[in-house]
Amino acid sequence: MLRYDRRIRVLAACFSGVAGYVDAIGFLMTGGFFVSFMSGNSTRLGIGLAEGSPSTVFAAALLVTFVVGVMLGTVVGRIAGTHRRPAVLALVTGLLASAVVLHALGAGVFVAIPMVLAMGAENTVFAEDGEVRIGLTYMTGTLVKLGKRLTAALLGGDRFGWVPFLMLWSGLLAGAVAGALAYGAFGVNALIGAVVVMAVLTVVTLVLGPDLKPQR
């Protein structure tokens, strides 16, 4: 995160905000499952296996779908080359739009499938050399880094090294709040807001030009 310039950090916080927004909608729509936070679904899977609950199948399906989304984003990114980021974001936008269409067709809980695929693909936006440099839909690692950077600042190190990690976490939190409020007002149709925002972010990323490597 610290190796990227300010505009990339801001974009990352925006992407994380969309993830929080979509995850809140998915959580409320499915009655307690996540479309971007797979640690939570892994716990649900474990509990389901222990209790013999029918929810086990759904949790497992979400986990597999997320991995497929990551694979899909990776393939699209490789094909797009230097325009990897806008290509992956366009994929995410299209998947979220397909979720809106499925909802209009009365697909019920199956609307979650393209939502999960989109969130998996979104995590490949900041992949470098086969590794994800910035996780956009999960915050445990970000909070660990926030704690470490705060400690470093208190001990005389970089005074503001913790700010980018706080921005990223705050983006997801703000998105989750907005998603919950939007779902309360519009139901699953609140996903239209995520589609619009992601489309705008795709254009912005495209305008910024070809991908730049983080500073060494």
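Thr124 sits in the loop between α5 and β1 (127-128). The model that places it there is a predicted one. Is Thr124 buried or exposed? Thr124 counts as buried, because its relative accessibility is 4% and the cut-off for burial is under 20%. Setting aside neighbours within four places in sequence, Thr124 touches Val70, Gly73, Thr74, Arg84 and Val88.

**A buried glutamate**

Glu122 belongs to helix α5. Its relative accessible area is 0%, so Glu122 is buried. Which residues does Glu122 contact, leaving aside neighbours within four places in sequence? They are Phe15, Ser16, Ala19, Val92, Leu136 and Met198. Gly73 also deserves a look. Glu122 and Gly73 are 49 residues apart in sequence, yet their C-alpha atoms are 7.0 Å apart. Gly73 is also among the contacts of Thr124.

**The chain as a whole**

The protein chain has eight helices and two strands. Read from the N terminus, the order is α-α-α-α-α-β-β-α-α-α. The radius of gyration is 17 Å, close to the 17 Å that the globule rule gives for 216 residues, so the chain is as compact as a globular protein of that length. Along the principal axes, the C-alpha atoms fill a box of roughly 50 × 40 × 35 Å. Of the 216 residues, 45% are buried. What share of contacts between residues at least 6 apart in sequence joins residues at least 24 apart? The share is 71%.

**The nonpolar core**

The largest nonpolar core holds 49 residues. Phe15, Val22, Met115, Phe126, Leu136 and Leu191 have the most contacts inside this core. Two or more core residues come from each of α1 (6-30), α2 (38-51), α3 (55-80), α4 (84-104), α5 (112-122), α7 (163-186) and α8 (191-207). Which helix gives the most? It is α1, with ten residues. Two of the residues with the most core contacts, Phe15 and Leu136, are also contacts of Glu122.

**How α7 packs**

In the first, α1 and α7 pack at an angle of about 35°, with axes 6 Å apart. The crossing is right-handed. On the α1 side, the residues in contact include Ala12, Ala13, Ser16, Gly17, Gly20, Tyr21 and Ala24. On the α7 side, they include Met167, Leu168, Gly171, Leu172, Gly175, Ala176 and Gly179. By class, the contact has 17 nonpolar, six polar and one charged residues. Ser16 in α1 meets α7 as part of this contact, and Ser16 also touches Glu122.

In the second pairing, α6 (residues 140-154) and α7 have axes that come within 8 Å and cross at roughly 150°. This crossing is left-handed. Thr142, Leu143, Lys145, Leu146 and Arg149 in α6 meet Phe165, Leu166, Leu168 and Trp169 in α7. The class count is six nonpolar, one polar and two charged residues. Leu168 of α7 takes part in the contact with α6 and in the contact with α1.

Arg149 lies in helix α6. Is Arg149 buried or partly exposed? Arg149 is partly exposed, because its relative accessible area is 33%. Arg149 is one of the α6 residues that meet α7. Val200 is 51 residues from Arg149 in sequence, and the C-alpha atoms are 32 Å apart.

Ala60 is in helix α3. At 28% relative accessibility, Ala60 counts as partly exposed. Leu45 is 15 residues from Ala60 along the chain, and their C-alpha atoms are separated by 6.4 Å.

The C-alpha pairs given above are collected here.

| Residue pair | Separation in sequence | C-alpha to C-alpha distance |
|---|---|---|
| Glu122 and Gly73 | 49 residues | 7.0 Å |
| Arg149 and Val200 | 51 residues | 32 Å |
| Ala60 and Leu45 | 15 residues | 6.4 Å |

Conventions:
Residues numbered from 1 in each chain as written. Predicted model: local features only at pLDDT ≥ 70, side-chain atom pairs only at ≥ 80, totals over all residues. Heavy atoms only, no water. Core = buried A, V, L, I, M, F, W, Y, C linked by side-chain atoms within 4.5 Å. Buried < 20%, exposed > 50% of the residue type's maximum accessible area, 1.4 Å probe, protein only. Helix = DSSP H or I, 4+ residues; strand = E, 2+ residues; numbered from the N terminus. Axes fitted to C-alpha atoms, helices over the stretch in contact; angles between N-to-C directions. Left-handed = near helix turned anticlockwise from the far one by under 90°. Contact = heavy atoms within 4.5 Å. Nonpolar A, V, L, I, M, F, W, Y, C, P; charged D, E, K, R; others polar. Rg over C-alpha atoms; globule rule 2.2 N^0.38 Å.
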